[in-house]
Amino acid sequence: MKKLIIFSVTLLLIAAVFAFTVVSPVWKITDKYNISFSSNEAGGIFKTFKGSIAFDEQNLAVSNFDVTVDVASINTGNGLQNKHAKSDEWFDAAKYPVIHYVSKKIVKAGTAYQVTGDLEIHGVKKEFTIPFTFKRTGNTATFNGTFNVNRNDFHIGKPGGDVSDIIKVEVAVPVTK
Amino acid sequence: MLKKLLLLGVISGLLAGIASIIYQKVYAASLGEGFTETVTIAKILGSSVAGTLIAAVGYFLLSKVLKGNTEPVFNLIFTILSFVTILGPFAAKLPMTIEAPELFPGLTIPMHFFPALAWFTLKPLFAKSV
């Protein structure tokens, strides 16, 4: 009898935990995304972007991003520049093949949002905040964000030179449920 | 003389354009990328004929100055200028939708030499009148 009560209580507790665990909706990244960067001298896109996105406007506490960009997929529109960008002078794609971003906190900022997390580029990990908007239409939605990255913070290229230190990054990620 | 030179320019330009289009087809078939949206047939023919027409005018002007020595000097200048123009494909910024811009110079650099080749090939046919 005692065993039955313990078993029942355990079962109830497990059921209660599951009942109150709020799972944020997981969004699937479509292949129409655009990850582009621009500065005075250089500009281009990253062709390969993947990861997991769980986002609920009503419950930001359980929302999270874990995304990666394939460094070798960089395309500046010029073959020589691509080779140069992937070399050890800039991104060193052979040694640091991905740019990784993992969110830690998402907050509402006016009509938009701000995600704070760890951004790892070129082997350097830094806390980084990205402002973004989220537009939902039924089962599809789009994340849009524009922000600046100081390439010197991640030891990309030599400071100064022809390419400006501040690189503007634009991200547009359409997603589906 | 200028008329004959311009005719040589147009014919050699068209020949260079046709050679470039054939080369583009072979390139696309073997490497899977012909840059047909960037390097259109109209652009190939237009730039080839424009190049050889400029060469024709250049030859005419040079002949006024150099008289009998025109041929070797002109050939040297035409070849050097053809070499110089290959900087263009290396520096070209293509649309981001193009997957492999690395293959662009391999397609376009030979095309930059076709007008000179066509000119040098057809010039002997016009030798008596030019």
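Modeller: Let's start with a term: two strands pair if DSSP finds at least two bridges between them. Keep in mind that this is a predicted model.

Biologist: Thanks! What makes β10(A) and β11(A) a pair of strands?

Modeller: The cut-off is at least two bridges. Strand β11, residues 166–176 of chain A, is joined to β10(A) by 11 bridges, and the two run antiparallel. For one example, look at A:Asn148, whose bridge partner in β11(A) is A:Lys168.

Biologist: How do you know that β9(A) pairs with β10(A)?

Modeller: Try the cut-off again: at least two bridges are needed. Five bridges join β9 (residues 124–137) to β10 (residues 140–150) in chain A, so by that definition they pair. They run antiparallel, and A:Lys135 stands opposite A:Thr142 in β10(A).

Biologist: What do β9(A) and β10(A) form, and how many residues are between them?

Modeller: They form a hairpin, with two residues between the strands. In the turn, A:Gly138 has a positive phi of about 65°.

Biologist: How many residues of chain B are in contact with chain A?

Modeller: 11 residues of chain B are in contact with eight residues of chain A. On that side of chain B there are nine nonpolar, no polar and two charged residues.

Note on methods: Residues are numbered from 1 along each chain as its sequence is written. Chains are lettered from A and ligands numbered from 1 in the order in which they are written. This is a predicted model: local features need pLDDT of at least 70, side-chain atom pairs count only at pLDDT 80 or more; totals for chains, interfaces and linings use all residues. Two residues are in contact if their C-beta atoms, placed from the backbone, lie within 7 Å. Ala, Val, Leu, Ile, Met, Phe, Trp, Tyr, Cys and Pro count as nonpolar, Asp, Glu, Lys and Arg as charged, and the others, Gly among them, as polar. Helices (H or I, at least four residues) and strands (E, at least two) are DSSP runs, numbered from the N terminus.
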